[in-house]
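I opened the notebook to go through a helix pair, the domains and the chain contact. The entries follow in the order in which I looked things up.

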Amino acid sequence: MNKKLLIAIAVLLPLFSPGQSLKMGEISQEEFDLKEVSYEPGASAACLVAFGDSRIFNGTLETQYFYRVKILTEAGKEHADIRIRYYSGTGNVENLSGIKAQITNLEGGKPVVTKLDKDDFFDVDLGDGLKELRISFPNAQVGSILEYSYKKGDKNIEFLDGWTFQRSAPVLFSKYQIKIPEHLEYKTIGQGANLFSKSERTSEYGTFSWTLRDLYSLKEEPYMKNYRDYMDRVEFQLSRYMSGSGSGYSGGPEWTDFLNSWEKLGDELIAYYTTKGFYRGNPIEREILSVDMSGGTEQEKAKAAYYYVRDNFVNEGSDWIYTDQTLPQLLKSKKGAPGELILAYMGILKSLGIECNPVLIGSKGYGRSEIVPFPFLNQFDEILLLATLDGQQQFLDLSDPLAPFGYVDLDKHVSAGLLLQKNASKLIEIDIKHASNKLVFSSIALDPETGELVMDNAIRNTHYEGLAYAHRIKSLKDENKPMEDLFKQTYEAFEIRNVSVNDQLEDKNTVSIQFQSVMKDAAAQDMLVFNPLQISEFAKNPFTQDFRVFPVDFEYTFRETYTANVAIPAGYVLDDYPTNEMITIPGSPIGFTYQTENLGELVKITAKFEVRSPLIQPESYGDLKFFMESVASKLASPVILKKTGTL
Amino acid sequence: MFKLLLGIFLISNLALAQESDTVLKAEEVPIHSILSEAQILTLHEDFTYSHHVDRKIVVVSPEGLDHAFTRLFYDKLNSVEEFELEVRDLTSGKTIKKARLKDMGDAAYYSTSTIFDDNRYKYFEVAAAKFPIEVSIKSQVSSKSNFFLPRWTPVPNFNQKVTEASLTVKYPTRLGLKYKELNLKGNKKEEELAGVTSITWSERDLAAQPRDFDSDEDPRLLLAPVKFALDQYSGEMGSWSGLAAWQFELNQGRDVLPEDFKEKVLQLVVGVDDPYEKVKILYEYLQKNFRYVSIQLGIGGWQTMTAADVVKYSYGDCKGLTNLMKAMLDAADIPSNYTLVFAGSDAEDIEVDLPSNQFNHVILQVPTSSHPIWLECTSNLLPAGYLGDFTKNRHVLVTSKGGGNLTKTPSYDTEEWNEIRSQSKVILDDRGNAKINTEQQFFGNFAAYILYVKGNLDERQQRDFLNRNSSVSGLIVQDYRIEVANQDSLPVTELAFDGLLQKFSQMTAKRAILRPFLGKLGPSHLTNKSLKKVDEYEIELPAAWKVDGDLPRVSLEEENLKGLLEMAIEGKTLRVRRELSLKIPTELDKEEEAELLRKINTAFDRTVFFVNTTTTQSTSPANE
């Protein structure tokens, strides 16, 4: 179906469909009749209703949840097993109560309702304060309608979890409402393309609601590791509260800010890190007494300090803005999470007289594609450093034990972060410059003695392309596997020989690999037909799905250049070759050129694949898919050499 | 530009260090820790046991800390009795950590498939900054049943050297004990005192194992009781028959069907005489109306839910669904046997000479006058009589009243179980794009996967499956259908689609070249040890295209491989037929398999060149 038409139907549908009942057991005829989700045919189940209703009562957030799910296929029966995870902690931080569930089946055209009792609910203590309520619906059949509701109490009212609209099955109707008491004020944090473009919103007497309809199910898509950042969601951060009653002699009610300014928020974090010892100079100076970091430029000093921390501390644990250990504990244990290591690194740089400060960021996959523009701490999960080295600002990271100085984990390539500076913390833009390229050069010739067509290949990967290769090489080494495995799959019919690796990532930002790919018995054939550019992973189109829900994320800008020089062997002529091509898609976020030059005894083939803007929206998916298919076709095109019969 | 580029590469090539990484086999296995350990397994008269472990681990590097991680399983039948740990800094001699049972963490074993279970563990993780450290651990767990005895693996971790390891098993002589030694090279000492037999196995100086160590070479000791009990059910495992008889007793009386359900079962097979047909009808009823839910609670890990409960809830685990199916067949006067199996698509076969509980799954065997009908009761996709790769081709224990026997499930390794046929019609336009109509038939093991695609994927995923598995890339599926046409136990699926092929032909300066369209064979084609594949194409070409050169013809006939590729032009239609027939020797290793694939793909995935007689390409090489 035409996608535009689909969208139009999706927009129009709410006007025609009657309102879903949000009460258990009130199932409409349309819901009984539903056999398929029109915009997601073949879906195994549909979430007919998802409804959350929150209020704050006695300092606790109480949310009443209600779900109605219909099983549409045999495979959809898996939706009859429900798992609800919650954090109980040591003080019952979250608790579930009032659990009700029932299943309705049509028997002879009449609804038969089976209510679940306590034996059907199973509460499991998963450890570390996490619990999980499990419900297994009896008599689940294709056509069954499952309903369940429960109340969750949450003692944390500073930040409210709110509501996520998408689920593992397509959602036909999802509504969240919250009643905010008069004495509290929250800032709403909304996220997701649908929430901003399609949601129905109401606001009445302190009750706010958001409704979304006809949402796709959550499914993984290639080139999108962090789809969580694009889900539709509302959350709330307490911004101020009212104290005083305004009666008698106590004076009028007063609002107290809960949400600070960026400056205050930054100072609180700095105070936290200070109590953990990360802003104290003495221990760190003792730590590095034995290491010579005295000479050279600031850049050289920072580099020496980076390698000292990277190579003398074990990097283990979750990247997080809060630290488990104090600085002295870290220096003693020699093992820490990336956040702890980077703060220790900051201490070393400061002790060397280098200006540097932490920058808090919300990494990719943490749930947000854009920064929240008010002082809201929960949006941050990881730390970078911003240092001034010889007058130049540079972002520094310590997440990846293989990464050289100056590399920032790709999940931290976000648009903005909070720079922590005493009394002057502020949001700053993050723009990490790098030239991540892959340069492939192949020299192709027929060996007259062996009759083999030999391709001598050299690949030079720079920056993040190089780091990616360094990881692949390490993984093969760890598994005791030969380096030929790097290329075996790509080349199939060719034999891979003489692989050599030169990792100069630290000195020159490159990982170079040389190897031979060999077509045996080539001389025996009258026509030599081969693909001169075999190494590109884009020789196969990764985008095979019909449509796209989330953006395509290539993660960073990069360029791949392939050059093949084919020597025309004696006794052969160049018979045929791929034609030139230059293509892109509207807006030119991505481009490809292919060129053939006949230089007489040599044919030179050059292809360039360039990603200029790594995030491509779903609207451009059709163009991108066609583009990538054209690239794949071109990269698979052969050169043909023909025997002339005379040498 | 060219010279400049070449220059860059010459320099960079010179700069490359000429270390060859082609072969990276480490000569010495790095040692992360050194273990000395003594274990005592004490079996008691009341069929309980206790397992005491006393181990010292010298951790020499951070990677070895995982070797000191303690995880002690418990549930309703097993409990953790004792745990003591001490960590010493071997440089200073100081104790840096002590821990006891109360200091252990506690967590549930998390399974995405199991809803109801009581499997939990207590754990303790050692942290240290300086090495070497010595970690001393004493632990004791006890079990209410000797039905399942722990196995002994003297080298429990890779990169761990073992100076000494011993296991002493003490058991009342009258209860008996069986064991199987695998790759043990140390000493064994046996003695009996006052009706208690004690056997000690000792191993010394065992070398560290690399991560790619062949598990078949791993030293280990498998143990099994002779007389045993679980809850109030006692039995003897002296033979497979004894274990089978006990399992039968454990489920005895749990197959009673509610009367109304029994009536429904009988109604389903009224007027049906053929036994297979009856089995099929009832199996399909089970598949449609009951779903699999994993339940592992106490003795319920081994004993089935009652058939009545499965009927009540319309769900059950493998035991419950198999037991219900057995009861349904009983109601229809068809005897069947509850059968134990060690399931898993990559699972190794059981040790057939050690009758013991080596099973993790249950299937049903329906004896007939010829081959038995096998039923995988947790599947709602497979046809009656076909087992998927989860349980095929392995030894299983068939249980029946008073005994049972070991037998093997089918291997489905003949051509009839491994066949793929396809017929495609392609119409090419002048620009190299094409319309395609393909019909495919999958038989046996290949059909089973298509059943999964049909049953478990939504439309977008099914279209994507067609696209990714198309022998020509760039397929845009328009219409498609997937149909099931099982022939009794033989799964058969038919798949048909109409679509567009973007750039089916590549335009070069002189030619149009069809993109490879016959499809390469991959490792998945060889997993079932035989293959028959027949692909036929009718390709309608643009009128102006003429074949360039001879059409390829390939014929190959070897001991295990027959292949034929034929192409012919009739008017403007290119007809292509490829027929491959393979029998893969069992002993073929991965490298040989890869070589075989390379050989077939090189020989049989051929394409065709055409000359366009009307158009001239405008993109001539720049300097020609």
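Before the first entry I note a convention: a crossing is left-handed if the near helix is turned anticlockwise from the far one by less than a right angle, and right-handed if clockwise. I also note that this is a predicted model.

**Helix pair in chain B**

I looked up how α4(B) passes α6(B), and the crossing is right-handed. The contact draws on Val279(B), Leu282(B), Tyr283(B) and Leu286(B) from α4(B). From α6(B) I listed Leu321(B), Leu324(B), Met325(B), Met328(B) and Leu329(B). I sorted the contact of α4(B) with α6(B) by class and got nine nonpolar residues, with no polar and no charged ones.

For the geometry, I took α4 of chain B as residues 275-289 and α6 of chain B as residues 318-331. These helices pack at an angle of about 140 degrees, and their axes are 10 Å apart.

**UniProt features**

I then checked the annotations. The UniProt record, an unreviewed entry, puts "domain: Transglutaminase-like" at residues 267-355 of chain B. I found that span to be 43% helix and 13% strand, with its end C-alpha atoms 41 Å apart.

For chain A, the UniProt annotation "domain: DUF3857", also from an unreviewed entry, covers residues 58-216. Over residues 58-216 of chain A I read 4% helix and 63% strand, and the end C-alpha atoms are 37 Å apart.

**Domains of chain B**

The domain assignment of chain B lists domain 1 (33-228), domain 2 (240-408) and domain 3 (415-612). I looked at how domain 1 of chain B meets domain 2 of chain B. Their centres, taken over C-alpha atoms, are separated by 35 Å. The contact takes 16 residues from domain 1 of chain B and 12 residues from domain 2 of chain B.

Which elements give two or more residues to the side of domain 1 of chain B that touches domain 2 of chain B? I found β7 (114-117), β11 (177-182) and β14 (220-225) of chain B. β7(B) supplies the largest share of that side, four residues. By class, I have that side of domain 1 of chain B as seven nonpolar, three polar and six charged residues.

**Contact between the chains**

Last, I counted across the chains: 68 residues of chain B are in contact with 68 residues of chain A. Helix α8 (residues 459-469) of chain B gives the most to the side of chain B that touches chain A, namely seven residues. That side of chain B divides into 25 nonpolar, 23 polar and 20 charged residues.

Terms used: Residues are numbered from 1 along each chain as its sequence is written. Chains are lettered from A and ligands numbered from 1 in the order in which they are written. This is a predicted model: local features need pLDDT of at least 70, side-chain atom pairs count only at pLDDT 80 or more; totals for chains, interfaces and linings use all residues. Axes are lines fitted to C-alpha atoms, for helices over the stretch in contact, and angles run from 0 to 180 degrees between N-to-C directions. Two residues are in contact if their C-beta atoms, placed from the backbone, lie within 7 Å. Ala, Val, Leu, Ile, Met, Phe, Trp, Tyr, Cys and Pro count as nonpolar, Asp, Glu, Lys and Arg as charged, and the others, Gly among them, as polar. UniProt positions are given in the numbering used here, feature names are shortened, and annotations may be inferred rather than shown by experiment. Domain bounds come from an automatic or database domain assignment.
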